[in-house]
Amino acid sequence: RVQWRHLVSSRVGDQDFDQEPPLDRFARPGADPFLYLAGGNCAMRRSALADVGGFDEEIEYNFDEAEVCLRLLDRGWQLRSLDGAVVHHRNLPSHQRSARAFTDPYFEVKNRVYFSLRHGRRGANTSLALASTARELGRLRAGAREAERAGHLTSDELARYLGRADQGYHVGLQRGLKGERRGCDVPRPETAEFLAYPIYAPPPARRRVAVVGPAPEAVGVLAGDGHEVHELVPQGPGASYRIDYRAGAWIHVVPVRARWLPELDGSALRPELEEAVALRAALAPLRERESVEVEVPAGSQALKDLLRLSDRDAERALHALLSARAALALERAADVARRLLEPERFPIDYEHELRHCLGLPGDEDFVSCAYAALLGRAPDPLGGRSTLVELGAGTERTAVVQRMATSVEARGRRVDPAFVARLPAVSLAAASAALRAAWLEEDCEFARRVHCMLRGTDAGAAADVGRLAEGLAQQALVRELAALQEVQARVAGAAGLPPADVVTRQELAAQLSALVGVPLDEFVAAVYRLLLGRAVDPEGAVAYGAALAAGRSRAWVVETIAGSEEARRRGWPPAVVLDVVRRSRAYQRDALRRRLGSRLRRLSSVARRAS
């Protein structure tokens, strides 16, 4: 696919690759954001470059073309971004990148910071420019850590990457604040007559051929004879669609993904049909320009027919094939044939991805994952925030997925809302919260809650009450239920249940009582870990530390944290926690000591004033 078509940048360096023509509003003097042209695919008049002092030679690459385009626009020159001027740009390993990832971001960071400060400041205000560069540095850091987790960077390469990013930031900051531009004088044109570029003239009998591969010998022969050759190489669902150019031929790597077609579950015909429709989708853009011959050195006759036939004829052939070999009724076969030929039909791979999303522990991670899977983008600030508020108010994650799947944007991506019926009804976060609450109950109520959450019914709970009374561990019962197929289909990530931090009422009382004797800052941190499952944030640590120092009891701290919305979402019933604290002798003694200490301090203050 085309990596990008039209490039737009703000004057602090925030780039946008998704703008569509008309682009006139970005191509005026003073425009912000402004249109710029890719350095690897543009041409500029010598007189225009001479007028703006050439390129800024502080910028080795990354924002060199953006900077000169900005100056050209501000000087009144015109820029045109042409829709059909496409290049094939292949990156090779170098001292700054491996075959898999960038290893040295120094120039990228330096020049972004330099550009932002040179062109994004308004008067003496640098906050916009610095905020933009800080966001970019954070994005690069996060991307590098993700690359390390994926095995694309070693730990040593990651450490060097982060160090070089910091170096680039500091140098760019210093040079950007100086405000100097290192332009150059563009020399006068040579007097010799301009020589036209040589043009390659193809042989008169040139053919356009698509070969379903891998078939390197056939491709080599055709390319050697001067024909335009496209080799289509089917790959597994983990591959991404990409095009390369090798030995005179275009190589298309075509991922074959499982489609959401429950009518073909278990059919031996399914893999062949999924491969055929993936290859047809890859052939479609080739056929748009002019006709292409299709050669299939190996494969069934059905595959060859599906690749060579027109859409209408292919649908008829599929209809007949499904009726004969998949034993589908005529009407059902016609519907499946039509859906198969839709190239962007929602594939079953996304179902697995969304199952993974539903099992993520954090709401923010879930929202980002769901947006990427269903809408193919990151959440916008407003939509992301409102979704997080919904989740915080108790909306189940599956309801969020259902709403997103039926949105206009999802329909535009050919998302089939029917797939939602195959998703779990309960997320891992909701199941874990319910189990934490259930663990604080007696055996009878515990068994009922566990069955209702995991199976959707309390049938069978009575029998398990007896087993618990006979000594069956609560963890063992939950693991036994979580291993059932019906439970794994209902609860995302059921295999990870029960959560590691479940405790009985007695265990909770013992844990909270043991914390009374620890120092104040350690006490607050431990309660956060116990009830919220995370480290205390700096603001919370300061606020609770100040409250304790001012005479508040430790029981008050536990009650306040337990009453928070975050604790409720994690399944801690505030009433149970309050009851445990109020019954604890350790907390009663602590509260008494603090009351006595407060009275003694008041008496001492009165005595000092009296004396």
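Before you click, some ground rules. This is a predicted model, in which local features need pLDDT of at least 70 and side-chain atom pairs count only at pLDDT 80 or more, while totals for chains, interfaces and linings use all residues. Residues are numbered from 1 along each chain as its sequence is written, and side-chain values use heavy atoms, with hydrogens and water left out.

**Stop 1: the whole protein**

Show the cartoon. The protein has 27 helices and eight strands. Both are DSSP runs numbered from the N terminus: helices are H or I with at least four residues, strands are E with at least two. The radius of gyration is 33 Å, well over the 25 Å that the globule rule gives for 611 residues, so the protein is more spread out than a compact globule. That radius is taken over C-alpha atoms, and the rule is 2.2 Å times the number of residues to the power 0.38. Along the principal axes, the C-alpha trace spans about 105 × 80 × 40 Å.

Now color by burial. Buried residues make up 41% of the 611. Buried means under 20% relative accessible area, exposed over 50%, and partly exposed in between (1.4 Å probe, protein chains only).

**Stop 2: Arg 259**

Select Arg 259. It lies in the loop between strand 7 (249-255) and helix 7 (270-289). Its relative accessibility is 7%, so Arg 259 counts as buried.

**Stop 3: Ala 429**

Move to helix 16 (residues 428-438), where Ala 429 is found. Ala 429 is partly exposed, at 28% relative accessible area. Then pick Gly 493. It is 64 residues from Ala 429 along the chain, and their C-alpha atoms are separated by 9.4 Å.

**Stop 4: helices 18 and 19**

Select residues 461-469 for helix 18 and 474-482 for helix 19. Which residues meet here? Asp 464, Arg 467 and Leu 468 in helix 18 meet Gln 474, Leu 477 and Glu 480 in helix 19. Contact means heavy atoms within 4.5 Å.

How values were computed
Axes are lines fitted to C-alpha atoms, for helices over the stretch in contact, and angles run from 0 to 180 degrees between N-to-C directions.
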